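I opened a new notebook page for this structure. My plan is to look up a few things and write down what I find.

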Amino acid sequence: MTPDLMEQGAQRLAANTASGGREAGFGRVAVPGQVDTTHGRILYLEDVSVSFDGFKAINKLSLDIAPGELRCIIGPNGAGKTTMMDIITGKTRPDSGTVFFGSTIDLLRHKEADIAQLGIGRKFQKPTVFEQLSVFENLELALKTHKGVKHSMFFRLDSAQQDRLLDVLHTIHLAGSAARRAGDLSHGQKQWLEIGMLLMQDPKLLLLDEPVAGMTDEETARTAELFLSLKGRHSLMVVEHDMGFIRTISEIVTVLCDGAVLAQGTLDQVQADERVIEVYLGR
Amino acid sequence: MSHPILPPKAPLLTRKGWGAFFAALIAVCALAPVLNLWVPEGSALHLSDYGVALVGKIMCYAIVALAMDLIWGYTGILSLGHGVFFALGGYVMGMYLMRQIGRDGNYKSDLPDFMVFLDWKTLPWHWALSDSFIATLVLVVAVPGVVAFVFGYFAFRSRIKGVYFSIITQAMTFAAMLLFFRNETGFGGNNGFTDFKRILGLPIATQGMRMTLFALTGCTLLGFFLFARWLVASKFGRVLQAIRDAETRVMFCGYNPLPYKLTIWVISAVMCGVAGALYVPQVGIINPGEMSTAASIEMAVWTAVGGRATLVGPILGAFLVNGAKSWLTVAAPEFWLYFLGALFIAVTLFLPDGVVGLWRRLARRKPTPVAAPLRESVAREAGQARSAPAVPAAQVTEAAR
């Protein structure tokens, strides 16, 4: 390992962990279900590959995300962005590679629902809310709590949970529509409701697939504001095509192409990258 | 509730709902017995024995329709094999009733007649508990429940959904029918069980016993209705609806759909089993015909005609379709199946929400005086939201729209 890489690593640890990474060296007991981020990484993918009918959707992809980081992912259609999220959330099993949540949780050993309960929330490309239920009920279902059958049968919101629900309703600007059917909301509002459902889950890591698609400029601006306020407390991975939006929120941008990382850096750096211009931005 | 924004928790039934509920309870437990037993036969108010038998039978079907609504209407899983669970409950009860015949059968033997006819000397092992009424009650619940659990566990774990699931349930009911048709299975083959004489030692064919079974069926139906209301009004019920509308989203919210589907599937099957057990002593026969594919499809038709995901609808649907059936099969027997097919197509095309949906649509079209203050309060609410500083005006107008 070259000195400059070591230097970079030390900087990352200093920036992303409370103890500057010093805790990492101590022997600790791994608590089941608890995310260990003392090594400065909340999500870690290494050499992940998956192919569908011979088509390599993901090809030796390696990527990591720090606690509290807001990472933007861009790339042409078919670059494997959504497939990558499918792998992280347990929807797709990779053919090879490792995917870790923190340093101790092997995500490939868990199912979708477990992964969600561990603290990874996901917003789909097409807004997916429960259309027949009200906005309020949508949020209530997403609330972080026991999700077993018996618990659901006798569940009642306590006042702390009500407050939390109200908070989120205000955050996503749907306080006036709590009793409305989710199916009657506008496209942008559905996007927000879905983001609200993520917030109710209180995940440590949020995966957001094209969160501002179909939003008005004003809505987009407010979403950017929301994401920036989430940064630090949560880690976010945002897949977007809207460059203006990315410019507002991004620190580091990762460019995916053909199922692997093509370039990584600040938006200006990647925009100046010849290869990125070639495959994605266009001349 | 302390928060004006959050909608209050809906009551189990509205005032009007409770009114109708108790009216129905009085009708089956008091009114019907009086009209049948004490009003003289010539009177216009007299409820005939035929009427009691017919309504009693239809109430059993209504329980099945209610069970179908839970699994199909609320969870989006169309079962075309609920006839199996209905018949299993019926067969368990039938076995008990066969044992109650004792030595009064044609062959004057301890064994049921069909076994003597087959030249069997002892009871098969699976008849071991059939002389105990308590065991019968337990098995009425347990047999359909266990069969549903095993079938459902493997089907849902393999994530079989939609039309594939429906086809598999059809195959299941057909296979079960073939199995029960065999004499060697020990359930009387294609004749099934009939010629019952007693239940709990009391003669079964009396007017009083018929009325008792009728009232019991009515109370069971109403009890199941309340239970179903409670289920769908709980968060459990909302998770079921969420599974129906967007199952992947449910998973990514941290719910494992398998136990939810399995629970409602087993509950639904058990309800059918209980309905079958109430049906057999009233109708006096159970045979593998109850497991025919058409019988299970008919159950889906009752639910669709009444209106899915309404609970009241399927009960109405069971009464409407079976009322029409008992009339048509007398008036023009050859047309019944055509009518059933046409009804299913018509409901699918023109009444996706069934009779209840139609009624709601009509009720909405002519505004009642109650609607006006409601609209005002909505407008007031929107006004309040507008005055809230955190919410920009553009958002509110959109929300108000």
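Entry 1: Which residue in β4(A) stands opposite A:Leu43? I looked it up in this predicted model. A:Phe101 in β4(A) faces A:Leu43. Further along, I found A:Leu45 opposite A:Val99 in β4(A). The two strands involved are β1 (residues 43–52) and β4 (residues 96–101) of chain A, which run antiparallel and are joined by five bridges.

**Entry 2: the next strand over.** I followed A:Phe101 to its other partner. A:Phe101 also stands opposite A:Ile105 in β5(A). Two bridges pair β4(A) with β5(A), again in the antiparallel sense. These strands form a hairpin with three residues between them. There I noted A:Gly102, which has a positive phi near 65 degrees.

Entry 3: I then read off the strand order. It is β2-β1-β4-β5 in chain A, an open sheet of four strands with antiparallel pairing.

**Entry 4: where the chains meet.** I turned to chain B. I found 33 residues of chain B in contact with 37 residues of chain A. Among the elements giving two or more residues to this side of chain B are α8 (235–245), α9 (247–252) and α10 (257–283). α8(B) gives the most, with seven residues. I sorted this side of chain B by type: 20 residues are nonpolar, seven polar and six charged.

**Entry 5: the core.** The largest nonpolar core has 171 residues. B:Ile63, B:Val64 and B:Leu66 have the most contacts inside this core. Helix α2 (residues 49–74) of chain B supplies the largest share, 17 residues. I picked B:Ile63 and listed its contacts beyond four places in sequence; they include B:Phe224, B:Met271 and B:Val274. In soluble globular proteins, nonpolar side chains tend to be buried together.

**Entry 6: confidence.** I ended with the scores. The model has ipTM 0.85 and pTM 0.87. Chain B averages a pLDDT of 88, and 90% of its residues score at least 70. Over residues 368–401 of chain B, pLDDT stays under 50. The model still has 22 contacts beyond four places in sequence for that stretch. Where pLDDT is low, predicted coordinates should not be read in detail.

Methods:
Residues are numbered from 1 along each chain as its sequence is written. Chains are lettered from A and ligands numbered from 1 in the order in which they are written. This is a predicted model: local features need pLDDT of at least 70, side-chain atom pairs count only at pLDDT 80 or more; totals for chains, interfaces and linings use all residues. Two strands pair if DSSP finds at least two bridges between them. Two residues are in contact if their C-beta atoms, placed from the backbone, lie within 7 Å. Ala, Val, Leu, Ile, Met, Phe, Trp, Tyr, Cys and Pro count as nonpolar, Asp, Glu, Lys and Arg as charged, and the others, Gly among them, as polar. A nonpolar core is a set of buried Ala, Val, Leu, Ile, Met, Phe, Trp, Tyr and Cys residues joined through C-beta atoms within 7 Å. A residue is buried if 20 or more other C-beta atoms lie within 10 Å of its own, exposed if 12 or fewer, and partly exposed in between; C-beta atoms are placed from the backbone. pLDDT is the predictor's confidence in each residue, from 0 to 100.
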